[in-house]
Amino acid sequence: MTDVTFPRIGVIGGGQLARMLAPAAEALGIRFSVFAETADAPATQVINEVTVGDYTDYPSLKAFAETVDVVTFDHEHVPPEHLEALVAAGHAVRPGPQALIFAQDKIRMRTKMDELGLPNPAWAEITSEADITAFADRVGYPFILKTPRGGYDGKGVRVIERLDEAVEWLSEVPQLLAEEKVDFTRELAVMVARSPMGQTAVWPVVETWQENGICKEAIAPAPDLSAEKARTITEAILTVAGTLDVTGVMAMEMFETADGFLINEFAMRPHNTGHWTQDGAVTSQFEQHLRAVLDLPLGSPAAREEVSVMVNILGADHEDLYQPYLHVMAHDPAVKVHLYGKSVRPGRKVGHVNAYGEDRAHVVARARHAADFIAGVDVDPHPQMPAPENLLADSDAGTEL
């Protein structure tokens with residue numbers, strides 16, 4: 001019998017996304033290691049093969065890359081010049097730096113979307129007070145200012161009401177991105193996977209809701225989204241993935257408007273808006289990302305149920321997640337709880353809950369209650385819409401803890 005060695009994949013970043021890649025790697029028989037910033041990062045708690053180091057230090061990155069067959073990421077913050085150097089040294093980096101730069105640099109992303117004829121909000125590069133004044137004259141106040149690189153979960157984003165607010169921020173950073181404040185009806189997101197061989201798979205478009213700049217929940221598929229708009233959105237993300245030669249999974253966040261939609265941001269990695277796929281899709285975004293970066297045949301992105309809902313568990317005022325977690329598991333055995341092994345602080349993503357079923361209102365209520373009960377925001381152990389009796393594991397499953 002031939003001895004076949006399965007490939008080893010290395011993930012730069014030891015956060016919760018790397019942590020959630022681990023079970024998918026194990027199921028696929030893939031050897032898996034992470035390059036984490038700290039020894040207690042979320043991924044290090046569940047993965048044995050860990051290198052601790054600074055992702056801005058090229059020699060450390062190169063040493064890590066030499067131990068794996070393919071390098072991928074759980075964030076977009078690795079310096080582009082380091083990734084280009086890894087590729088030049090013969091390492092497989094997926095997604096490649098030529099694609100990842102459009103998720104790292106929002107100004108380059110906006111420029112590319114204009115070149116592709118895809119729907120952008122009005123925007124401008126800001127390097128001077130004159131730029132601010134010209135943009136304000138064009139779109140009016142308020143408008144949005146962003147740092148072109150490094151922002152996430154609402155960080156690096158400000159709503160500008162007056163000229164002096166923008167001038168003050170510009171005095172601290174040399175370059176900003178200005179965008180119109182979009183009058184949107186709701187926020188949407190869609191995810192695609194693409195492999196080096198060019199195979200693609202797109203999950204259903206989801207509706208998302210943000211709380212203080214952080215994605216709080218996603219509903220799949222997006223309620224009342226027309227087939228025509230869903231098709232247009234799918235075509236747009238396929239255009240982006242193909243044109244940029246993306247490898248792996250990519251998320252595209254959008255504003256839905258009365259006339260259509262406007263692209264907000266991209267992420268070229270597993271993404272919060274795709275967490276519902278862990279339990280609600282035939283192939284999760286985590287398994288699909290591994291399949292894609294290793295150029296394996298992609299799995300089906302089809303939804304398993306009529307409705308799937310993901311609700312984030314955002315840290316609140318108490319640190320004990322375990323006791324309410326036990327209650328939720330007993331009260332509604334059909335919900336799936338995913339915790340990240342993070343310490344609790346207000347507003348921090350410490351986990352998420354997935355629920356699924358046929359009745360959208362019921363599924364949403366179950367997921368929201370479970371997430372908020374664990375966080376300590378909802379203290380009612382008997383919500384108005386508990387899990388249906390036929391979902392209980394046995395007659396004692398509803399016992400309160």
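In this predicted model, the second largest cavity is lined by Ala189, Val190, Met191, Trp203, Pro204, Val206, Thr273, Gly274, Trp276 and Thr277. About 40 Å³ of space lies inside this cavity. Strand S10, residues 186-194, gives the most to the lining, with three residues. The lining divides into seven nonpolar residues, three polar residues and no charged ones. The structure holds two cavities of 30 Å³ or more.

The largest nonpolar core has 41 residues. Within this core, Ile12, Phe73, Ile233, Met250, Met252, Phe266 and Met268 touch the most other members. Helix H8, residues 227-244, gives the most to the core, with six residues. The surroundings of Phe266 can be listed in detail. Leaving aside neighbours within four places in sequence, Phe266 is in contact with Glu76, Ala103, Met109, Met113, Val240, Met250, Ala251 and Met252. A second core is separate and has 21 residues. Val328, Val335, Ala370 and Phe373 are among them.

In helix H3, residues 80-88, Pro80, His82, Leu83 and Leu86 are buried. These residues cover an arc of only 160 degrees around the axis, which puts them on the same side of H3. Their cover includes helix H2 (58-65), strand S4 (70-73), strand S5 (92-93) and helix H4 (97-104). Gly90 follows H3 and has a positive phi, near 95 degrees.

In helix H7, residues 163-170, the buried residues are Ala166, Trp169 and Leu170. Seen down the axis of H7, they fall within an arc of 100 degrees, so they line one face of the helix.

The backbone was then considered. Most residues other than glycine have a negative phi, and most peptide bonds are trans. Tyr141 and Pro142 are joined by a cis peptide bond, with omega about -5 degrees. Pro142 lies in the loop between H6 and S7. The peptide bond from Ala220 to Pro221 is also cis. Its omega is near -10 degrees. Pro221 is placed in the loop between S13 and H8.

Positive phi values occur in two aspartates. Asp245 has a phi near 60 degrees. This residue lies in the loop between H8 and strand S14 (248-256). Asp245 is partly exposed, with a relative accessible area of 38%. Asp295 likewise has a positive phi, near 60 degrees. The loop that holds Asp295 runs between helix H10 (285-293) and strand S16 (307-314). With a relative accessible area of 29%, Asp295 is partly exposed.

Another loop residue, Asn212, lies between strand S12 (206-211) and strand S13 (214-220). Asn212 is exposed, and its relative accessible area is 72%. The C-alpha atom of Asn212 is separated by 8.3 Å from that of Gly347. Along the chain, these two residues are 135 residues apart.

Key: Residues numbered from 1 in each chain as written. Predicted model: local features only at pLDDT ≥ 70, side-chain atom pairs only at ≥ 80, totals over all residues. Heavy atoms only, no water. Buried < 20%, exposed > 50% of the residue type's maximum accessible area, 1.4 Å probe, protein only. Helix = DSSP H or I, 4+ residues; strand = E, 2+ residues; numbered from the N terminus. Arc of directions from axis to C-beta. Core = buried A, V, L, I, M, F, W, Y, C linked by side-chain atoms within 4.5 Å. Contact = heavy atoms within 4.5 Å. 1 Å grid on protein atoms, 1.4 Å probe; cavity = no way out; pocket = protein on both sides within 12 Å on 5 of 7 lines; lining within 4 Å. Points joined across faces, edges and corners; volume = space filled by probe spheres on them. Nonpolar A, V, L, I, M, F, W, Y, C, P; charged D, E, K, R; others polar.
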